[in-house]
Amino acid sequence: MRCPFCACADTRVADSRLADDGGSVRRRRECPGCGQRFTTYERPELALPMVVKTDGRREPFNEDKLLRGLTRALSKRAVATARVDAAVRVIQRRIRERGEREIPARLIGELVMEALRDLDPVAYVRFASVYRRFEDVDAFSAEIARMKESDGDDSARDD
């Protein structure tokens with residue numbers, strides 16, 4: 001690997017360890033030419049499926065778009081960035097596990113809502129209001145009631 005500081009073609013690995021819960025390898029490298037150290041990450045390149053929009057258009061899966069949607073819903077909420085990044089990885093893993101070449105955008109939206117529900121209930125309702133196109137306050141109330149009802153079901157199962 002080339003040194004990003006002096007462009008020397010030969011760098012050596014000083015340290016390697018697993019990162020991202022074993023999903024990548026973090027390598028500390030050192031350049032013999034200039035002595036600088038830098039970090040690289042090695043990840044498997046796995047193709048994600050094409051996203052089929054509701055109007056039938058197809059576009060490549062975009063991790064940045066997924067992260068933007070989560071971040072927008074979570075704005076001004078106290079949720080650690082590491083938890084958001086973990087949610088993105090979980091969503092991507094679940095999409096890959098399906099093994100399909102195309103995936104409906106609606107499924108991605110449902111996976112995002114599931115992740116937001118675990119991260120922050122206010123962010124979940126924010127996202128749901130846009131995603132499900134709430135028209136009035138009654139729609140908000142109904143969604144909150146559904147959340148409370150399923151939370152009660154979850155706690156009953158935990159006993």
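Me: How many bridges join strand S4 to S6?
Reply: Strands of a sheet pair through backbone hydrogen bonds, either parallel or antiparallel. Here S4 (residues 50-52) and S6 run parallel and are joined by three bridges; two strands count as paired if DSSP finds at least two bridges between them. Glu102 in S6 is the bridge partner of Met50. Strands (E, at least two residues) and helices (H or I, at least four) are DSSP runs, numbered from the N terminus. This is a predicted model, in which local features need pLDDT of at least 70 and side-chain atom pairs count only at pLDDT 80 or more, while totals for chains, interfaces and linings use all residues. Residues are numbered from 1 along each chain as its sequence is written, and side-chain values use heavy atoms, with hydrogens and water left out.

Me: In what order do the strands of the open sheet lie?
Reply: The order is S5-S4-S6, with mixed pairing. Strand S5 (58-60) and strand S6 (102-104) are at the edges with a single partner strand each, so one side of each has no neighbour in the sheet. From one strand to the next, the twist averages 35°.

Me: Which strands form a hairpin?
Reply: S2 and S3 do, with six residues between them. In the turn, Gly35 has a positive phi of about 80°. Strand S2 (residues 24-30) and strand S3 (residues 37-42) run antiparallel and are joined by six bridges. Opposite Arg29 stands Phe38 in S3.

Me: At what angle do the axes of helices H3 and H4 cross?
Reply: Axes are lines fitted to C-alpha atoms, for helices over the stretch in contact, and angles run from 0 to 180 degrees between N-to-C directions. For H3 (residues 105-119) and H4 (residues 121-131), the axes come within 7 Å and cross at roughly 160°. H3 is therefore roughly antiparallel to H4, a term for angles over 145 degrees.

Me: Which residues of H3 meet H4?
Reply: Contact means heavy atoms within 4.5 Å. Among the H3 residues that meet H4 are Val112, Met113 and Leu116; the H4 residues they face include Tyr124 and Phe127. H3 also lies across S4 and S6, running at about 65° to S6.

Me: What is the mean pLDDT of the chain?
Reply: pLDDT is the predictor's confidence in each residue, from 0 to 100. The chain has a mean of 87, and 95% of its residues reach 70 or more. Over residues 155-159 the pLDDT is below 50, and this stretch has zero contacts in the model beyond near neighbours in sequence.

How values were computed
Parallel < 35°, antiparallel > 145°, perpendicular 65-115°, else oblique.
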